Structure formats: structure tokens, C-alpha cells
Amino acid sequence: MNSLLKVDNELNIKVDAFRQRITGEDPILNICELKEIHSEINLTVPDPILLSNLHDGLEVQNAKKRKMEDGTGEYKVAGTKVFIMPSGMMKSNAKLVDLIEKVKPEIRTLIEKCNTVKMWVQLLIPRIEDGNNFGVSIQEETVAELRTVEGEAASYLDQISGYYITRAKLVSKIAKYPHVEDYRRTVTEIDEKKYISLKVIVSELRNQYVTLHDMILKNIDKIKKPRSSNAEALY
């Protein structure tokens, strides 16, 4: 009993150390106002391009299809063609990129550890026999849980790449339609959503470590030796 309590205390210390390492290195995980992670979009709204004296009939007809007449004989262009960014490359949200680069190694570590432990348990599974398979079922359940956690951790990496793709498409929209405020607001909303998602991922990493450790610790005897020999059964 004392040894079990000692192991539990060691687990709590390790979990707390993991949490402190993640949250302590980057105070951004502990912010209260989401506006602190906002990133400025350095794309100015251009002045309207005014076109006048369009005498050619075909040219006027084509202009009417893509412009709105304001009643003064002039036409305002509704969109703009973008060939280069006014201030060079459009940067990502630096605060979120920094946070992502700290969380990704932890995700990869969990995936690798799950894969290693899963293989270890699988190699301990004995050959198929009739009866006395309770320990084997515990082994199989442990492998299934490890596989589930491994898959969930891999999905976190997919979420990160999906965030970059979605944000890039929205920034491209802003570059093409800089006068549409909703695109700018959507980028901010996506950044806030990703920040919350990263906080949830960190918490889930902690929970998954604790859950797996608890499950393996409670069943370690059956995992190591799923079947007892006849000689041992006599005693």
C-alpha cells in the first residue's frame, strides 16, 4: 500500500512538472484577454480607383458588369488585383507560431511513447489458448487505449496544419478584398480559436499521460504476466 502511494506521489510530481514546464516557459498560455494574442494585418485599404470618360461601348459594358455606377458618370472598382504585398511577406501570428512550436514536440513525444509502450505490451501477449484469458483481455484493452491516444495526438498535428491553411486562405482574401472588414475579423476569430485549442491540447496531453499511467500501473502484473502457470495455481 505504501509503495502504491509512493508511486502515485511520484506521478503527481511528474504531472505537475510537465504542466509547469509547458505553462511556465510561455506565459501566453495564462493570458486572460484574448486580444493579447491578436496579430496586426498590415494590409491597408486602398483608395477607390475612379474610371472616367469610358466612351467605347464594349469597354463601358464590361465595366458595368464589375463596377457599380454612383450616378456621377464615374465607376468605382469593387475589387483589386494583388501582385505583391505592400510590406513584403505577410507574417503569421508570431505569438501563436511560438506557442505551436513549443507544443508540437510534446505531441510528438506522446506519439512516440505510446507507440513504444504499445509494441512492448503486444509482444507480451501470449499465444491463443482456451480459457484463462482474463489477463490477455487486459493486455488487449491496454493496447487499444494506447492506440486511441496515439491517434488523438496525431490529430492534434493535423489541426495545426489545418489552422495555417485556413488562415492563409483568409489572408489571401484580405489582400484581394482589403475593404471587406469581415475577412479581417474572421482572421482574428481563427487566431483566438486556435489559442483556445492549444490550451485544450496541453490539458489533454496531461490527462492522457495520467490516464495511461494509471491504467498500466493498476494492471502491471497482468500486463507482464497475463496467465499464471499450473504450478503457481496450486499454491
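**Salt bridges and helix packing in the predicted model**

The side chains of Lys104 and Glu101 meet in a salt bridge, with N and O 3.8 Å apart; the term denotes a side-chain nitrogen of Lys or Arg within 4 Å of a carboxyl oxygen of Asp or Glu. The model is a predicted one, in which local features need pLDDT of at least 70 and side-chain atom pairs count only at pLDDT 80 or more, while totals for chains, interfaces and linings use all residues. Residues are numbered from 1 along each chain as its sequence is written, and side-chain values use heavy atoms, with hydrogens and water left out.

Lys104 and Glu101 are both located in helix α3, three residues apart, or about one turn of the helix. Helices (H or I, at least four residues) and strands (E, at least two) are taken as DSSP runs and numbered from the N terminus. Lys104 counts as partly exposed because its relative accessibility is 24%, and Glu101 is likewise partly exposed, at 44% relative accessible area. The classes follow the relative accessible area: buried is under 20%, exposed is over 50%, and partly exposed lies in between (1.4 Å probe, protein chains only).

By the salt-bridge rule, the count comes to six. Another of these links Asp98 with Lys102, whose closest N and O atoms are 3.2 Å apart. Asp98 and Lys102 are four residues apart in helix α3 and are therefore separated by about one helical turn. Asp98 has a relative accessible area of 36% and is partly exposed; Lys102, at 31% relative accessibility, also counts as partly exposed.

Because Glu181 and Arg185 are four residues apart in α5, about one helical turn separates them. Glu181 is partly exposed, with a relative accessible area of 47%, whereas Arg185 is exposed, with a value of 52%.

The chain as a whole contains seven helices and three strands. From the N terminus on, its elements run α-β-α-β-β-α-α-α-α-α. Of its 235 residues, 29% count as buried. Among contacts (heavy atoms within 4.5 Å) with a separation of 6 or more, residues 24 or more positions apart account for 80%.

Two packed helices are described by the angle between their axes and the distance between the axes. Axes are lines fitted to C-alpha atoms, for helices over the stretch in contact, and angles run from 0 to 180 degrees between N-to-C directions. Angles under 35 degrees count as roughly parallel, over 145 as roughly antiparallel, 65 to 115 as roughly perpendicular and the rest as oblique.

Helix α3 (residues 94-124) packs against helix α5 (residues 181-218) at an angle of about 25°, with the axes 11 Å apart. The pair α3 and α5 is therefore roughly parallel. The crossing of α3 and α5 is left-handed, the term used if the near helix is turned anticlockwise from the far one by less than a right angle, with right-handed used if clockwise. On the α3 side, the residues in contact include Leu96, Leu99, Ile100, Val103 and Glu106; on the α5 side, they include Asp191, Lys194, Tyr195, Leu198 and Ile201. By class, the contact of α3 with α5 has 16 nonpolar, two polar and four charged residues. Here Ala, Val, Leu, Ile, Met, Phe, Trp, Tyr, Cys and Pro count as nonpolar, Asp, Glu, Lys and Arg as charged, and the others, Gly among them, as polar.

For α3 and α4, the axes come within 9 Å and cross at roughly 160°. Helices α3 and α4 are therefore roughly antiparallel to each other. Their contact has 20 nonpolar, four polar and four charged residues. The crossing of α3 and α4 is left-handed.

For α4 and α5, the axes come within 11 Å and cross at roughly 170°. This makes α4 roughly antiparallel to α5. The contact of α4 with α5 has 16 nonpolar, seven polar and nine charged residues. Glu152 is placed in helix α4 (residues 134-176) and is partly exposed, with a relative accessible area of 35%. The C-alpha atoms of Glu152 and Ile201 are separated by 10.0 Å, although the two residues are 49 residues apart along the chain.
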